Amino acid sequence: MDKALETIFSQFEGKREEIIPILQKVQEEYTYLPEHLMEEIADFTHVPGSDIYGVATFYAQFRFTPTGDKIVSVCRGTACHVRGAPAIYEEITDQLGLEGEGTTEDQKYTVETVACVGCCALAPVITINEEVHGDLTKKKVRKLLKKEGRKNGR
Amino acid sequence: MEDKKRTILICRGTGCESAKSPQIQAALEEKVQGLNVEVKFTGCHGMCQQGPIVVVEPEDIFYAHVKLRDVPKIVESHIKNDEVVERLVYEDPTTKEKIPTYHDIPFYKRQKRLVLRNCGQIDPENIDDALARDSYAGLGEALKMEPVEIVAEVKKSGLRGRGGGGFPTGLKWEFTQKAAGDVKYVLCNADEGDPGAFMDRSVLEGDPHAVLEGMIIAGFAISAKQGYIYCRAEYPLAIKRLQIAIEQAREHGYLGKDILGSGFDFDIEIFHGAGAFVCGEETALITSIEGNRGMPRNRPPYPANEGLYGKPTLLNNVKTYANIPLIITNGSGWFADIGTENSKGTAVFALTGKIANSGLIEVPMGVTLREIIYDIGGGILDSKEFKAVQTGGPSGGCLPESFLDTPVDYDSLIEAGSMMGSGGMVVMDEDTCMVDVARYFLDFTEKESCGKCVPCRIGTKQMLTILEDIVEGRGKPGDIDRLEELAHGIKIGSLCGLGQTAPNPVLTTIRYFRDEYEAHIYDNACPAKQCKEFISYHIVDSCIGCGLCRRNCPVDAITGEQKELHHIDQELCIQCGECYEVCPPKVFSIEIHTGEKSTEPEPVLQVVTG
């Protein structure tokens, strides 16, 4: 078995109610949930693999493909929406050359939308990894991405 | 004045942290070495927009938008020479008046901060700070009472669930207390999934001990030994501070075995929610902790009788628990004196959107929406016209100007077609398209529907399709009726609150802003000038030919010589709004028109026979 997975399992007893915490630890380690590990989690928790997959797909937090080095989460909360989040989202995907949510070809960025970061007073907001950036305009987004080491201006 | 002991408080809520407040704290700590000054950080003050916030006590001076480079100035001028740094004091965004002292700021003056009593005042990672402000005093008193007395106090206080539904808290406690069983659980719902709401996050980040204390009292009242806080994983800072608070409470004997020598054992664990809005529903939350897909189930049995692992379970919202210590310490009568006949205590709102003072506020139940929006919120941003206020998140509704004098309490808001919800309050102005808002919420609920009930799963999808058609110019006569019919079906055919309330944003916008729906469908117009399909950008004569718009246009639709009137080619324009954004405010020569696009005549189908 994978060494890292072994370490994760050692923190649990293998009970059904531990499935979500286990999946969270696995994702923290691998940035996503690799398919081959799902079977191992199933064996460990004595739950059919289909159930593990069912739980994993139900929750927005879990991913099934590897992420880029940086995760850009665009808040689509109400406050952000009325203060221009759709334009911010468009600008970010445009700048990174993405059609929508997803990972750039060079594996540097993953763009996703999240329901609400809870920083509504700073709307519109994005987070890059866990760092919050607020009060954004398209211009600030361009500056920010440039600063993040990416130049894709027109 | 070297001897005066001062305390400098730096806000480190998520908002201020994003604006580098930890670095400001470090710089201040370095600068004040050797002076009689204590530097400490606090949770959220609620005015995140003004962040980073630095407060100097005992003078009660409130500095806003503090930058790292302002640190030497604050220390040199204020701390060493008793001169307040005028430039950094709070400036009222509407009147432009400088207001140096914290408690004179209108935003705070009109509030009554009970649940938020310690937010912004204490260091949330230091239990001694909380203890200095009477944290766990309520627990001490509760442990001397009989469990039935505690439940009776909570009942008499009139406290109702702060998660939004407004079920009487005391009744819930009584049911769980009376339920048969040796093993019982106390759960705290911190899965604040409503978009546009951050009350629970701020309480958890600013005063985690208040929530723990409420839960421990609840555990004692219903004879539970274990509590869980279901907190969404999107709130890493809240989880971190809760974890620290739990450890410190254990060290001080407020959690664990034989709490304060009473013989009562109780402990709390945090469960990290994995991102499903429906898990805010109690049965879904419980099944999620058990390791399943978070789908609601039929009630009864209610969690009070059969909850987590089939055991009697008490589930309350973060703010409900935070109210409990106050009720025990000050008595149910004190609490019942605040608020209205049927809604006691205070309401905490995350006031956001197109409002001058965005932030977290707490007011006695019964104040009007107008007082909140204008007196506390300072009115609409950029002197625009108020259009609607949205409460209750995806389960609530949008209320127009004629409802501004509605008192804020559970029953009045439901009567108006909205609901209290857990506390999101989003203000919308003339530039907000109400059909788009309805589409936005349906897009949210459609994605978050767990899929168990067909009317919710398929109905929200259908409603969303119709709304998308309307905002994208494919609206048809009869669409409004179809929306209403679907809404009715979803409301009566869904098991849980998500489905039962999902149509509310659509129903209230139809009820109060029907003209906007009709404008989209019949006149090819978006009155708020937001829906791309219905608008066009035009450059008017005031153009000075600076060329900014031309250079920024992503599709080269703008032409014109330097210093001459520019022109937008409507065939090429993609309505991205870039030109509108870059046109210098003094020139302001770009206009948005709507309702001008001629409709393509419908192709006439001819049936030829014979």
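Reader: How far apart do the C-alpha centres of domain 1 and domain 4 of chain B lie?
Author: This is a predicted model. The domain assignment of chain B puts domain 1 at 6-109 and domain 4 at 434-522. Their C-alpha centres lie apart by 45 Å.

Reader: What separation do the centres of domain 1 and domain 2 of chain A have?
Author: The assignment for chain A gives domain 1 as 3-58 and domain 2 as 70-147. Taken over C-alpha atoms, the distance between their centres is 30 Å.

Reader: How many helices and strands are there in chain A?
Author: Read along the sequence, chain A follows α-α-α-α-β-α-α-β-β-β-β-α. Its C-alpha atoms fill a box of roughly 50 × 30 × 25 Å along the principal axes. The count for chain A is seven helices and five strands.

Reader: What percentage of the residues in chain A is buried?
Author: A residue is buried if 20 or more other C-beta atoms lie within 10 Å of its own. Chain A has 154 residues. The buried share of chain A is 39%.

Reader: Which elements of chain A give two or more residues to the side that touches chain B?
Author: The contact takes 38 residues from chain A and 42 residues from chain B. On the side of chain A, the elements giving two or more residues are α2 (19-30), α4 (49-58), α5 (78-82) and β5 (131-133).

Reader: How do the residues on that side of chain A divide into nonpolar, polar and charged?
Author: Chain A brings 38 residues to the contact. They divide into eight charged, nine polar and 21 nonpolar.

Reader: Why is one side of β9 and of β10 in chain B left without a neighbour in the sheet?
Author: The open sheet has four strands in the order β9-β8-β7-β10, with parallel pairing. β9 (267-273) and β10 (313-317) of chain B stand at its edges, so one side of each lacks a neighbour in the sheet. The reason is that each has a single partner strand.

Reader: Which residue is the bridge partner of C188(B) in β8(B)?
Author: Strand β7 (residues 185-190) and strand β8 (residues 226-232) of chain B run parallel. Six bridges join them. For C188(B), the partner in β8(B) is I229(B).

Reader: How many residues of α17(B) are buried?
Author: Helix α17 (residues 434-448) of chain B has 15 residues. From first C-alpha to last, α17(B) reaches 21 Å, close to the 21 Å expected at 1.5 Å a residue. The helix is mostly covered, and its buried residues number 13.

Technical notes: Residues numbered from 1 in each chain as written. Chains lettered and ligands numbered in written order. Predicted model: local features only at pLDDT ≥ 70, side-chain atom pairs only at ≥ 80, totals over all residues. Pairing = 2+ DSSP bridges. Buried ≥ 20, exposed ≤ 12 C-beta atoms within 10 Å, placed from the backbone. Domains from an automatic or database assignment. Contact = placed C-beta atoms within 7 Å. Nonpolar A, V, L, I, M, F, W, Y, C, P; charged D, E, K, R; others polar. Expected span 1.5 Å × (residues − 1).
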